[in-house]
Amino acid sequence: MAKNKTMFFCKECGYETAKWLGQCPGCKLWDTFVEEPVVKKSSGSISKIRVSREPELISQIKAEREERFLCGIEELDRVLGGGIVSSSLVLVGGDPGIGKSTLLLQMCREIVNKHRKVLYISGEESLQQIKMRAERLGVFNGELLLLCETNLDLIEDTINKHKPDLVVIDSIQTMFKDEISSAPGSVGQVREATGTLMRIAKGIGVTIFIIGHVTKEGVVAGPRVLEHMVDTVLYFEGENHASYRVLRAVKNRFGSTNEIGVFEMCGNGLVEVKNPSEFMLKGRPEGEPGSVVAASIEGTRPLLVEVQALVCRTNFNMPRRTAAGTDYNRVNLLMAVLEKRLGIQLSDCDAYVNVAGGMRITEPALDLAILTAILSSYRNRPLSDKTILFGEVGLTGEIRAVNMAEQRVLEAAKMGFDLCIMPQANKEHMKTQGGIKQIGVRNIQEVMDLLMR
Ligand code: TYD
Ligand code: MG
């Protein structure tokens with residue numbers, strides 16, 4: 001009898017090899033290989049692509065617009081690129097407990113209230129638990145079917161029988177197919193389960209949302225294994241200590257990937273945050289050195305954030321530097337620019353930089369705010385709390401133009417700021433006054449002369 005064959009799979013990216021390897025050649029992570037039985041491919045073709053033998057002219061091909069429907073939660077619709085695409089497969093990933101089930105149950109509520117049929121399949125909670133959660137979330141009027149099941153063959157039968165418009169699978173790590181011997185949550189099971197769901201979605205034209213837990217360690221295969229199989233990947237993130245949550249698209253076959261949706265977790269579920277700038281600036285200290293406000297852009301939306309810096313004399317041989325919510329190397333680079341171009345002695349100072357509110361922002365337009373916050377803390381000189389900044393800082397201390405300057409200025413004006421300091425190159429091309437005073441700067445010397453006089 002033939003021996004049962006096993007292979008080694010990377011838990012992170014799904015890379016396959018016959019032998020165990022210490023480092024994955026695919027994702028370059030260490031110690032991620034697990035041994036699992038090999039699965040015979042039986043699902044067949046899962047794509048709906050029409051195969052043509054002859055190449056065709058692009059001008060001859062008729063493009064069909066994908067069919068979409070709005071789910072009614074504006075933040076979610078925007079992240080999806082303008083509503084849910086029919087027969088698409090969407091993965092919603094995130095840490096356990098972040099609110100994925102809550103978000104999707106709320107989405108189901110909005111959709112059934114619009115007279116569509118939804119099937120919510122949970123492998124994690126009992127029907128009573130889901131019902132209890134639903135009661136906290138509000139009234140469900142329409143046809144929401146609940147099912148507790150983990151066997152995918154039975155799930156397929158149920159979908160075929162009830163023909164819902166939308167299915168939610170909570171979560172992919174609990175689902176299994178009988179013919180695969182490895183445990184639910186293993187790379188083989190997760191991959192095969194997603195393949196099956198893809199076939200169902202494209203085959204009978206139902207939209208499927210899959211929930212996947214992201215775990216850094218442990219036996220559960222991370223949703224990274226599935227990212228290339230699904231149409232859209234959304235990540236639901238947030239800080240443990242903060243109540244707000246950010247929904248981010250990291251892959252979207254039907255839209256842009258840099259949109260975010262902001263929610264707040266409240267007693268009765270997730271509430272959309274329509275004005276994230278106001279949310280981020282809540283509780284900002286006024287007239288304190290080291291606190292400045294930056295106009296940043298997330299996706300297509302402007303977002304105002306507070307950047308804080310604390311610079312103090314060090315007690316160590318090696319000064320301590322930390323950066324929370326932004327890039328550590330960038331902060332070091334900006335401090336080096338300050339030392340070299342303005343002659344400010346920072347090598348015997350500790351520096352702590354923090355983007356308040358727990359948001360992580362790495363766009364270069366934040367440079368000017370980080371630099372000014374460091375300068376303000378070092379000099380112990382506060383900025384006017386109605387001042388806002390944006391701009392990229394180059395290695396020679398020049399302030400470089402950034403994109404979407406108009407939106408940044410308009411958002412600042414809307415939030416009641418009265419002075420905006422920006423790259424001169426942006427100011428020259430500014431089409432809008434926005435009712436806010438604008439000052440263009442060319443290099444960091446000008447910034448210093450302007451603010452630290
Ligand atoms: P949940 O949706 O179960 O997370 P996930 O499916 O991502 O694991 O959310 C769990 C957390 O959300 C839980 O810690 C409690 C909190 N929560 C609220 O604060 N308010 C609510 O109305 C609900 C339903 C949950
Ligand atoms: Mg859950």
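This short talk walks through one predicted model, from the whole protein down to its ligand and a few single residues.

Some ground rules. Residues are numbered from 1 along each chain as its sequence is written, chains are lettered from A and ligands numbered from 1 in the order in which they are written, and side-chain values use heavy atoms, with hydrogens and water left out. Because the model is predicted, local features need pLDDT of at least 70 and side-chain atom pairs count only at pLDDT 80 or more, while totals for chains, interfaces and linings use all residues.

Start with the whole protein. It has 453 residues, and 50% of them are buried. Buried means under 20% relative accessible area, exposed means over 50%, and partly exposed is in between, with a 1.4 Å probe and protein chains only. The C-alpha atoms fill a box of roughly 80 × 55 × 50 Å, taken along the principal axes. The secondary structure comes to 11 helices and 23 strands. Those are DSSP runs, numbered from the N terminus: helices are H or I with at least four residues, strands are E with at least two.

Now the contacts, meaning heavy atoms within 4.5 Å. Take those between residues at least 6 apart in sequence: 67% join residues at least 24 apart. The accessible surface is about 21900 Å², and 51% of it belongs to carbon and sulfur atoms. Areas come from the Shrake-Rupley method with a 1.4 Å probe; for residues, only the protein chains shown count as cover.

On to the ligand. What surrounds ligand 1? The shell has 16 residues, and the closest are G97, S101, T102, C266 and G269. A residue is in the shell if one of its heavy atoms lies within 4 Å of the ligand. By type, the shell divides into 4 nonpolar, 8 polar and 4 charged residues. For the record, Ala, Val, Leu, Ile, Met, Phe, Trp, Tyr, Cys and Pro count as nonpolar, Asp, Glu, Lys and Arg as charged, and the others, Gly among them, as polar.

Which elements supply the shell? Helix 2 (100–112), helix 3 (127–137) and strand 13 (260–266) each give at least two residues. Helix 2 has the largest share, 3 residues.

Look at the polar contacts, pairs of N or O atoms within 3.5 Å; within protein, one must be able to donate a hydrogen and the other to accept it, and residues adjacent in sequence count only if both atoms are side-chain atoms. A polar side-chain atom of T102 lies 2.6 Å from an oxygen atom of ligand 1. A polar backbone atom of K100 is 2.8 Å from an oxygen atom of the ligand. R136 brings an N or O atom of its side chain to 3.3 Å from a ligand nitrogen. Taken alone, ligand 1 exposes 560 Å², and the protein buries 74% of that.

Stay with helix 2. Of its 13 residues, 12 are buried, so the helix is largely enclosed by the rest of the structure. Among them are K100, S101 and T102.

A polar atom of its side chain lies 2.3 Å from the backbone oxygen of L137. Leaving aside neighbours within four places in sequence, R109 is in contact with L137, G138, V139 and F140.

Helix 3 also holds E135. Buried or exposed? E135 counts as exposed, at 56% relative accessibility. E135 and N268 are 133 residues apart in sequence, yet 8.8 Å apart in space, C-alpha to C-alpha.

Further along, N426 is found in helix 10 (residues 424–428). N426 counts as buried, at 10% relative accessibility. Its side chain reaches the backbone nitrogen of V402 at 2.9 Å.

Last, some backbone details. A cis peptide bond joins D170 and S171, with omega about -5°. S171 lies in the loop between strand 9 (166–170) and helix 5 (187–204). S87 has a positive phi of about 50° although it is not a glycine. H115 has a positive phi too, near 65°. S87 counts as buried, at 13% relative accessibility. H115 is exposed, with a relative accessible area of 76%.
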